[in-house]
Amino acid sequence: MTTESQAASERKPTKKAWAGLFVLALPALLLSIDVSVLYLGLPTLTRELGATATHQLWILDIYSFMLAGFLITMGSLGDRIGRRKLMLIGAAAFGVASTIAAFSTSPEMLIAARALMGIAGATLMPTTLATIRTIFADTGAMPMALGVWFGCFMIGMLVGPIIGGTLIDTFGWGSVFLIGVPVMLLLLAVGPGLLPESKDNGHGMIDLPSVTLSLLAILSMAWGIKELARTGWTLFPCLSVITGLVVGYTFLRRQRHLSQPLVDLGLFRNAAFSGALALTGLGGVVMSGTSLVSAVYLQSVAKLSPFEAGLWLIPQNITMILGFVTAPVLAKKLQPATVMAAGLIVGAIGFTLLTQAQVGQFTPLVIGMSLASFGVAAPMSLGANALMTAAPEEKAGSAASISETSGELGVALGVATLGSVATLAYRAHLSPVLTPDQPQSALAGLESALAAAAALPEAAGRPLAEAAYEAFAHAVHIVGGTAAGVFLGLAVLAYLTLRNQSADPGEQVGEVYAR
């Protein structure tokens, strides 16, 4: 389809469509706020509920585990029973679970409520993306709509700590969970009138063994990857990841023989779908890993307080929001694949600046992460558009859930892999300069080295601390260079796999099965 004929065939989005987008952006805004405010409330609720260190980990992690584990199931369920119907059920469940969490009287009660919130959240993410595809199909405005949706998610990350801190100081830790209740009530009130219902009428009952296998596979991998990031390459996390891979392989084999599979593997035969999935997934891996290393650098090497470090991270959130808004505009004038590749090249330049960060000077890191965040916005929003338009409309929920699951696992994988790269680079740089009178425990990590230096006399402790700072700065250089290389590779992938991708969903329907 030529640009002229495509423009002629596009209908203009109605005011009701934009109002519907506002409603669909509410869950994204809420879920991102929920992620950012919990860390602020954790010290207070730990003290008041008497939570142990183990309780704290489960309070933080159970939500993301349940969210990742149920995304595939909920995406397929929405395709079967109706995406708006499932979204509203999930909104009601999220509101109830949030209320239970707010008034929890024990750590166990809070953990259970957080688990229910994760399951409910898994209904919201794929159904909102799939409904955006339905509302903005054949309008040419879907890239902008997805950019707005992603931008709202980042706004939530930006304002979440401010809102959360104010609420905790005024009303206590439970108030951070009640933020979601009025949002979900609004969604329940206006959703039925503004949002269309859509589903795949050709699907029957969901395959329960497939649900079980997908849960086991994703939960095993998610837990194993997160534990690898915390404890290193120890036995049980490795076994958990291997178990997840084996169960995942069994799940995929079962899907091949089902007439109505939980995941249609035919989607992956479409180069645009697979390419877009790789872009968004690997982009998440790189961004999560570099963000972790940058946050540690600002607090431990640059010696900023958590509040000050948070302020210096604001620019990258703002530039990412700007990227989400800019990319769809550029994609109307240039080929979307070109915009994505250019964004990734900008991101690679940003990561290259991380290699210039020095002890006592963190400006290159802040500028670099801001450029990288601006650049990655293009493949995130336009990649999501390419992924959703590559799938037939009746598979939209399943396609969205695959994308979201990839993102959830990508965040955990990025922390584990690039965190490991940073650890190895730190040890390799520090080990040759470690003297016999300095403890080997300094090789475990920067915090261990600083603790060891503090326990030594100043004459021995100060050189150890300075060497540890230099070693971690070196680790940031290696991580930045690695991330830049990955982004350049993704730029090539974006151009090769998506250069023929149309922004018109109608042009893509059926391509999956034609190949």
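Me: Which helix does S403 lie in?
Reply: This is a predicted model, where local features need pLDDT of at least 70, side-chain atom pairs count only at pLDDT 80 or more, and totals for chains, interfaces and linings use all residues. Residues are numbered from 1 along each chain as its sequence is written, and side-chain values use heavy atoms, with hydrogens and water left out. Helices are DSSP runs of H or I with at least four residues, strands are E runs of at least two, and both are numbered from the N terminus. For S403 the run covers residues 396-430, which is helix α15.

Me: Is S403 buried or exposed?
Reply: Buried means under 20% relative accessible area, exposed over 50%, and partly exposed in between, with a 1.4 Å probe and protein chains only. S403 has a relative accessible area of 14%, so this residue is buried.

Me: Which residues is S403 in contact with, leaving aside neighbours within four places in sequence?
Reply: Contact means heavy atoms within 4.5 Å. For S403, with those neighbours left aside, the partners are L277, T280 and L387.

Me: What is the relative accessibility of T290?
Reply: T290 sits in helix α11, residues 271-301. Beyond four places in sequence, T290 touches F351, M369, L418, V479 and A483. T290 counts as buried because its relative accessibility is 0%.

Me: How far is the backbone oxygen of V286 from a polar atom of the T290 side chain?
Reply: A polar contact is a pair of N or O atoms within 3.5 Å; within protein, one must be able to donate a hydrogen and the other to accept it, and residues adjacent in sequence count only if both atoms are side-chain atoms. The T290 side chain has a polar atom 3.2 Å from the backbone oxygen of M287. For the backbone oxygen of V286, the distance is 2.8 Å.

Me: What separation do the C-alpha atoms of A28 and F153 have?
Reply: A28 belongs to helix α2, residues 15-49. A28 is buried, at 0% relative accessible area. Not counting residues up to four places away, A28 touches W149 and F153. A28 and F153 are 125 residues apart along the chain, yet their C-alpha atoms are separated by 5.0 Å.

Me: Which residues does E227 touch, not counting those up to four places away in sequence?
Reply: E227 is placed in helix α9, residues 208-231. With a relative accessible area of 16%, E227 is buried. The residues touched by E227 are G232 and P237.

Me: What is the phi of K303?
Reply: K303 is in the loop between α11 and α12 (306-333). K303 is exposed, with a relative accessible area of 57%. K303 is not a glycine, but its phi is positive, at about 60°.

Me: What radius of gyration does the protein have?
Reply: The radius is taken over C-alpha atoms, and the globule rule is 2.2 Å times the number of residues to the power 0.38. With 515 residues, a compact globule would come near 24 Å, and the protein agrees with that at 23 Å.

Me: What share of the 515 residues is buried?
Reply: The protein has 19 helices and zero strands. Of contacts between residues at least 6 apart in sequence, 81% join residues at least 24 apart. The buried share of the 515 residues is 55%.
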